[in-house]
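Here is a short briefing on one protein chain. Look over its sequence and fold first, then read on.

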Amino acid sequence: MEGIGTHVFRCYSFLIISILFSINLMWVEQVLSETYKVGGDEGWSESVDYFAWSENHNFSVGDILLFEYVKEEHNVMEVTEGTYKSCDGNSGLVRTYHSGSDQITLTETGNYWFICSFPGHCLDGMKCGVQVEEVNAVPQPSTSILPLEINGIYRFQASCRAWTCLLSFGILHFFNLI
Ligand SMILES: [Cu+2]
């Protein structure tokens, strides 16, 4: 025979363990995906050394590049490596962005090349290349720099996994296994 106390204890245990699992999963996913504002505080302009900026960051699949600029004065063009080097925007165009606040998700490993196609801007240094690595599967310690924003896709996956945990615990609890 089980007392009411045992039942209440089980309910609380289930609740607490589920919450801990959910928080843990959310935290892991936060570390995996980050948003990088290109050029840091300066944003996307002619006064930034984007080569140095890029060298100082590690980009992984799932991360997001945020280009912020005055849309009447600049744009963002994803181009081929050749066009990045030559600054000749007449060819080698992959995609164009011109909202003034463009978020570009890095969906695969390899190099991405960006230039501004306003006359003279690319030659003045308004060009940025980033190298994207595999997702780092090992979560970094909590002292690492927190991401500006969580990638929506990853957050969704985290929620799904959290709910899978909750469901598993619920089923086990229902059959009095935990
Ligand atoms: Cu420009």
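Which residue in β8 is the bridge partner of Ile115? The partner is Lys127. The model is a predicted one; local features need pLDDT of at least 70, side-chain atom pairs count only at pLDDT 80 or more, and totals for chains, interfaces and linings use all residues. Residue numbers start from 1 along each chain as its sequence is written.

**Confidence and overall make-up**

- The average pLDDT of the protein is 80, and 61% of the residues score at least 70. pLDDT is the predictor's confidence in each residue, from 0 to 100.
- Residues 140–157 have a pLDDT below 50. Beyond near neighbours in sequence, this stretch still has 21 contacts in the model. Two residues are in contact if their C-beta atoms, placed from the backbone, lie within 7 Å.
- The protein has 4 helices and 8 strands. Helices (H or I, at least four residues) and strands (E, at least two) are DSSP runs, numbered from the N terminus.
- Starting at the N terminus, the elements follow the order α-β-α-β-β-β-α-β-β-β-β-α.
- Of the 178 residues, 20% count as buried. A residue is buried if 20 or more other C-beta atoms lie within 10 Å of its own, exposed if 12 or fewer, and partly exposed in between; C-beta atoms are placed from the backbone.
- Among contacts between residues at least 6 apart in sequence, 75% join residues at least 24 apart.

**The sheet of 3 strands**

- This open sheet has the order β1-β3-β6, and its pairing is mixed. Two strands pair if DSSP finds at least two bridges between them.
- β1 (35–37) and β6 (101–105) stand at the edges. Each has a single partner strand, so one side of each lacks a neighbour in the sheet.
- On average, neighbouring strands of this sheet are turned by 20 degrees against each other, direction ignored. For such angles, axes are lines fitted to C-alpha atoms, for helices over the stretch in contact; angles run from 0 to 180 degrees between N-to-C directions.
- β1 and β3 (residues 64–68) run parallel and are joined by 3 bridges. Thr35 has Ile64 of β3 as its bridge partner.

**The sheet of 5 strands**

- A second open sheet runs β2-β8-β7-β4-β5, again with mixed pairing.
- β2 (59–60) and β5 (93–97) are its edge strands. One side of each has no neighbour in the sheet, because each has a single partner strand.
- β7 (residues 110–115) and β8 (residues 127–133) are antiparallel, with 6 bridges. Phe114 stands opposite Cys128 in β8.
- β4 and β7 are also paired in the antiparallel sense, over 3 bridges. Met77 has Ile115 of β7 as its bridge partner.

**The nonpolar core**

- The largest nonpolar core has 21 residues. Such a core is a set of buried Ala, Val, Leu, Ile, Met, Phe, Trp, Tyr and Cys residues joined through C-beta atoms within 7 Å.
- Val38, Leu65, Phe67, Val76, Phe114 and Ile115 touch the most other members. The elements that give two or more residues to the core are β3, β4 (76–79), β7 and β8.
- Ile115 has contacts that include Met77, Val79, Tyr84, Cys87, Cys122 and Met126, leaving aside neighbours within four places in sequence.

**Val38**

- Val38 sits in the loop between β1 and α2 (50–55). Val38 counts as buried because 24 C-beta neighbours lie inside 10 Å.
- Not counting residues up to four places away in sequence, Val38 touches Trp44, Leu65, Leu66, Phe67 and Cys128.
- Val48 is 10 residues from Val38 in sequence and 9.6 Å away in space, C-alpha to C-alpha.

- Val79 belongs to strand β4. Its 27 C-beta neighbours inside 10 Å make Val79 count as buried.
- Val79 and Val94 are 15 residues apart in sequence but 5.0 Å apart in space, C-alpha to C-alpha.
- Beyond residues up to four places away in sequence, the contacts of Val79 include Tyr84, Leu93, Val94, Trp113 and Ile115.
- Cys87 lies in the loop between α3 (81–86) and β5. With 18 C-beta neighbours inside 10 Å, Cys87 counts as partly exposed.
- The phi of Cys87 is near 65 degrees, a positive value in a residue other than glycine. Most residues other than glycine have a negative phi.
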